[in-house]
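Walk me through this structure, one element at a time. Begin with the open space and then turn to the helices around it.

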Amino acid sequence: MKQTAPVSDDGLKLSAWLPYRLFLVAAQVARPLERFYGETFGLSQAGWRILAVIAERDAANASEIGRACALDPFAVSRGIGQLVELGFAVRRSGRTDRRFAAVSITRSGRAAFNRIATLGSAIEARLLARLSETERVTLDSALARLEGESARIDADGWRALRDDAGTP
C-alpha cells in the first residue's frame, strides 16, 4: 500500500500562485465571451483570437498571427480556414512565396468582431469598475512589467529557472 505524503507548508500553493490566479480570472471572464462567439458566429477560440488580430493588423501572415495569439501553426491554419469558410477573412497568397499568405478581415468579419468586442469591452468595464483609478494605473503598470518578465522567462526556458532556483 502506498503511503501519502503529509501536507507541507513549504513550496508552491496553487491557490496562491500568481500565474494560476491570473489564469483563473482570464478563464472565468473568457467563458461567457467564448459561449457568445461560439453560439452566435460558430467561432472557435482560435478563430476569435485570429479575428481579433486581423481586426488590428490587416494583412498579417500566419507567423505574425501565431505569435500574437500564442497559437501553434496547426491551430493558426485551422483558425484561418474557419474564418475564410465563415466569410470573416480572406487569404491572399504572397507574391514571391505562397507560404506567407496575408490574411485580411472582411466586412462581415468586421461586423462580427465589433459585436464580440462590445461584449468584451463590457466584461473589461465590469472588472475595472471594481478598482479605483489609482488601482487601475497601478494594475496597468504592473501588467506591463509582468508581460515583459514573462516573455523573458518564456525565452530563457525552464532550465534557466531551475538554475536560478538552485534546483538540480
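Which helix supplies the largest share of the lining of the largest pocket? It is α1, with 12 residues. This is a predicted model, and every value below is computed from it.

The largest pocket holds about 1,600 Å³ of space. Of the 38 residues that line this pocket, V25, A26, V29, E124 and L127 are the closest to its centre. The lining draws on several helices: α1, α2, α3, α5 and α6 (133-156) each give at least two residues.

Take α2 next. This helix has 12 residues, and at 1.5 Å a residue they should span 16 Å. The end C-alpha atoms of α2 lie 17 Å apart, which agrees. Nine of the 12 residues are buried, so α2 is largely enclosed by the rest of the structure. The buried residues are A46, G47, W48, I50, L51, A52, V53, I54 and A55. Their cover includes α1 (18-41), α3, α4, β2, β3 and α5 (107-128).

Now α4, residues 73-86. Its 14 residues should span 20 Å at 1.5 Å a residue, and the end C-alpha atoms are 20 Å apart, in agreement. Buried here are A75, V76, G79, I80, Q82 and L83. Seen down the axis of α4, these buried residues fall within an arc of 155°, so they line one face of the helix. The face turned away from the buried side carries the exposed residues P73, F74, R78 and E85. What covers the buried residues of α4 includes α2 (45-56), α3 (62-69), β2 (89-92) and β3 (102-105).

Both ends of α4 deserve a look. D72 caps the N-terminal end: one of its side-chain oxygens lies 2.9 Å from the backbone nitrogen of F74. Just after the helix, G87 takes a positive phi of about 80°.

Finish at N61, in strand β1 (residues 60-61). Is N61 buried or exposed? Its relative accessibility is 17%, so N61 counts as buried, the cut-off being under 20%. Leaving aside residues up to four places away in sequence, N61 touches F100 and A101. The N61 side chain also reaches the backbone nitrogen of S63, at 2.9 Å. N61 and S93 are 32 residues apart in sequence, and their C-alpha atoms are 9.6 Å apart in space.

Note on methods
Residues numbered from 1 in each chain as written. Predicted model: local features only at pLDDT ≥ 70, side-chain atom pairs only at ≥ 80, totals over all residues. Heavy atoms only, no water. Helix = DSSP H or I, 4+ residues; strand = E, 2+ residues; numbered from the N terminus. Expected span 1.5 Å × (residues − 1). Buried < 20%, exposed > 50% of the residue type's maximum accessible area, 1.4 Å probe, protein only. Arc of directions from axis to C-beta. Contact = heavy atoms within 4.5 Å. Polar contact = N/O pair within 3.5 Å; in protein donor to acceptor, adjacent residues only side chain to side chain. 1 Å grid on protein atoms, 1.4 Å probe; cavity = no way out; pocket = protein on both sides within 12 Å on 5 of 7 lines; lining within 4 Å. Points joined across faces, edges and corners; volume = space filled by probe spheres on them.
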